[in-house]
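Take a look at the model below. The paragraphs that follow walk through its salt bridges, a hairpin and the nonpolar core.

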Amino acid sequence: MRPSRRMLPTLVVLGAGLLGACGYRTGLRPAMPDGRTAQSIGIEIFGNETLLPNLEQPLHAATTKSARRFLDLELRSPGRSDLVLRGSIKDFRRGEGARTPDNLFVETRDVILIEAALVDRARGVELGTTTVETIVGSAIDVPGRENVQRERALKVAADQIVLSLVAELQYRDTPPPLD
């Protein structure tokens, strides 16, 4: 038996309702060590210990986008959130990347080292830490490549930070300490 065209919208709504009842979620929402489920996250502007100025602003934008993309948590200011993501950019280096068989330099490489922590704001306890080193290369003959390369490195680093800290909290076998 084939459904009529008039029944199709009803079936679509019914199917969507059944999927919603299956517990499907679109992102990570970890439980806190004290049993509460986190509802929100705040992302502080990271410190910048490198010689490259203003690297922390694009990292903050990339981390905010990662949180929106991967987490089922409301973004709030760090002073009003359940979880706070904080950290520091420890190092930024630009160096030589790939070479041809004739030893000609054809690529530059950016290396960014970032340390980050996820904190339970109410208790002031670190729930997890991570150190991320991201290496991104780009051909030297591409106009405007430096900014694009840096943005790509920061996006990759932000994704790694958000996923490693929040997924670790959501899926760890033993809860972090309560004190």
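Which side chain meets Arg 94 in a salt bridge? The side chain of Asp 110 does, at 2.8 Å from N to O. A salt bridge here is a side-chain nitrogen of Lys or Arg within 4 Å of a carboxyl oxygen of Asp or Glu. Asp 110 lies in strand S5 and Arg 94 in strand S4, so the pair ties together parts that are 16 residues apart in sequence. Helices (H or I, at least four residues) and strands (E, at least two) are DSSP runs, numbered from the N terminus. Asp 110 counts as buried, because its relative accessibility is 0%. Arg 94 is partly exposed, at 33%. Buried means under 20% relative accessible area, exposed over 50%, and partly exposed in between (1.4 Å probe, protein chains only).

A word on the source. This is a predicted model, where local features need pLDDT of at least 70 and side-chain atom pairs count only at pLDDT 80 or more, while totals for chains, interfaces and linings use all residues. Residues are numbered from 1 along each chain as its sequence is written, and side-chain values use heavy atoms, with hydrogens and water left out.

The structure holds 14 salt bridges. One of them joins the side chains of Lys 90 and Glu 115 at 3.9 Å, N to O. This pair links distant parts of the chain: Lys 90 sits in S4 and Glu 115 in S5, 25 residues apart. Lys 90 is partly exposed at 28%, and Glu 115 is partly exposed at 36%. Arg 93 and Asp 91 also meet through their side chains, at 2.4 Å from N to O.

Now follow S5 onward. S5 and S6 pair in the antiparallel sense over 14 bridges. Strands count as paired if DSSP finds at least two bridges between them. The two form a hairpin with 4 residues between them. Gly 124, in the turn, has a positive phi of about 70 degrees. Asp 120 stands opposite Val 125 in S6. Asp 120 is also linked with Arg 36 and Arg 123 in a network of salt bridges.

Turn to the core. A nonpolar core is a set of buried Ala, Val, Leu, Ile, Met, Phe, Trp, Tyr and Cys residues joined through side-chain atoms within 4.5 Å. The largest one has 32 residues; among those touching the most other members are Leu 71, Leu 83 and Ile 161. Elements that give two or more residues include S4 (83–96), S5 (107–120) and helix H3 (145–171). H3 provides the largest share, 9 residues.
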